[in-house]
Amino acid sequence: MNFPPSMPGIVYLVGAGPGDPDLLTLKAARLIASCDVLVYDALINLSLLDCTRPDCEKIFVGKRAGCHEKPQAEIEKLLVEKGLEGKNVVRLKGGDPFVFGRGGEEALTLRASGVAFEIVPGISSALAASAYSGAPLTHRGLSTGVIFVSGHEERDRATVDWAKLAATGLTVCIYMGMARIRHIRDGLLEGGLDPTTPCSVVQWAACADQRTLRSTLGHLAEDVVAQGFGSPAIIIVGKVAALADELSWIGEQARGLPQVG
């Protein structure tokens, strides 16, 4: 006969940040070190696995654009099962759970299943891309705000009006946009952005193999192809991107930063 656990389980939806373990929050580090089960994504630094207890169960679920080790529904089922077993579970995500991390979906499933959960924020990759490339997302006289938007749209359904985003005059920071970069470029141009608008593409922000491309909107797609840039990357569009020429503080290879596995 199966008996319910003596203590209720809890699932922590934890942001691991952009890749540099030094950017992990203190709470995230404490939870990783004490959890019974670690459910982790592809875009985390694998050195974090060494911070767990020897008896911690580590489960790779490999969430990466276009290549999922487990479907989202299976991940959510796994979290519920482990929580109902009375386990202390850390669901470790790259960046922040609530910024294009599907943390809301997982939290809703946990709530519906009666499993306790907490949200532990992390540094989102857009913030790391900004800081580690030297392109501030806001700057007095250049941009009074920033828009975070996903470039990954549902199949056969346009969900982002790029022309309207262009009309705001704000910095546009695009996640998961590399596969649709020509479509995004065309939409922003149609919305009135000048082809000379500065742009930055930051691949593997805050990691050892970080690369930064500085371009203009009119040449963005061609430069990305010519320089061999790909995912994961953040695209920053706006006048603030021009400041990276002056404010960049690390080399193109981000020497001294840890490698993400």
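1. An angle below is taken between N-to-C directions and runs from 0 to 180 degrees, with axes being lines fitted to C-alpha atoms, for helices over the stretch in contact. With that in hand, helix 3 lies across strand 1, strand 4 and strand 5, and runs at about 175° to strand 1.

2. A word on confidence, since this is a predicted model. The average pLDDT of the chain is 90, and 89% of the residues score at least 70. The stretch to treat with care is residues 252-256, where pLDDT stays under 50. The model still has 11 contacts beyond four places in sequence for residues 252-256. Where pLDDT is low, the predicted coordinates should not be read in detail.

3. What is its strand order? The five strands run 3-2-4-1-5 in an open sheet, and the pairing is parallel. Strand 3 (57-60) and strand 5 (116-120) are the edge strands, each of them pairing on one side only. From one strand to the next, the twist averages 15°.

4. Leu38 stands opposite Val90 of strand 4. Helix 2 (residues 72-84) also packs on this sheet, where it touches strand 1 (10-15), strand 2, strand 3 and strand 4. The direction of helix 2 makes about 155° with that of strand 4.

5. There is another open sheet of five strands, in the order 6-7-10-8-9, and here the pairing is mixed. Strand 6 and strand 9 (211-216) are at the edges; because each has a single partner strand, one side of each is left without a neighbour in the sheet. The twist in this sheet averages 20° from one strand to the next.

6. Ile147 has Val172 as its bridge partner in strand 7. Helix 7 packs on the sheet and touches strand 8, strand 9 and strand 10, its direction making about 150° with that of strand 9. Helix 4 lies across strand 6, strand 7, strand 8 (198-203), strand 9 and strand 10, and runs at about 70° to strand 10.

7. Ser143 is worth a click. This residue sits in the loop between helix 4 (125-133) and strand 6 (146-150). Is Ser143 buried or exposed? Ser143 counts as buried because its relative accessible area is 6%, under the 20% cut-off. Its side chain makes a polar contact of 2.9 Å with the side chain of Thr171. Beyond its neighbours within four places in sequence, the contacts of Ser143 include Leu137, Thr138, Gly169, Leu170 and Val240.

8. Lastly, some backbone geometry to check. Most residues other than glycine have a negative phi, and most peptide bonds are trans. Phe100, not a glycine, has a positive phi of about 55°. Phe100 is in the loop between strand 4 (88-93) and helix 3 (103-113), and is partly exposed at a relative accessible area of 39%. Met176 likewise has a positive phi, of about 50°, without being a glycine. Met176 belongs to the loop between strand 7 (171-175) and helix 6 (181-190) and is partly exposed, at 36% relative accessible area.

9. Which residues does a cis peptide bond join? They are Ser231 and Pro232, with omega about -5°. Pro232 is placed in the loop between helix 7 (220-227) and strand 10 (233-237).

Methods: Residues numbered from 1 in each chain as written. Predicted model: local features only at pLDDT ≥ 70, side-chain atom pairs only at ≥ 80, totals over all residues. Heavy atoms only, no water. Helix = DSSP H or I, 4+ residues; strand = E, 2+ residues; numbered from the N terminus. Buried < 20%, exposed > 50% of the residue type's maximum accessible area, 1.4 Å probe, protein only. Polar contact = N/O pair within 3.5 Å; in protein donor to acceptor, adjacent residues only side chain to side chain. Contact = heavy atoms within 4.5 Å. Pairing = 2+ DSSP bridges. pLDDT = per-residue confidence, 0-100.
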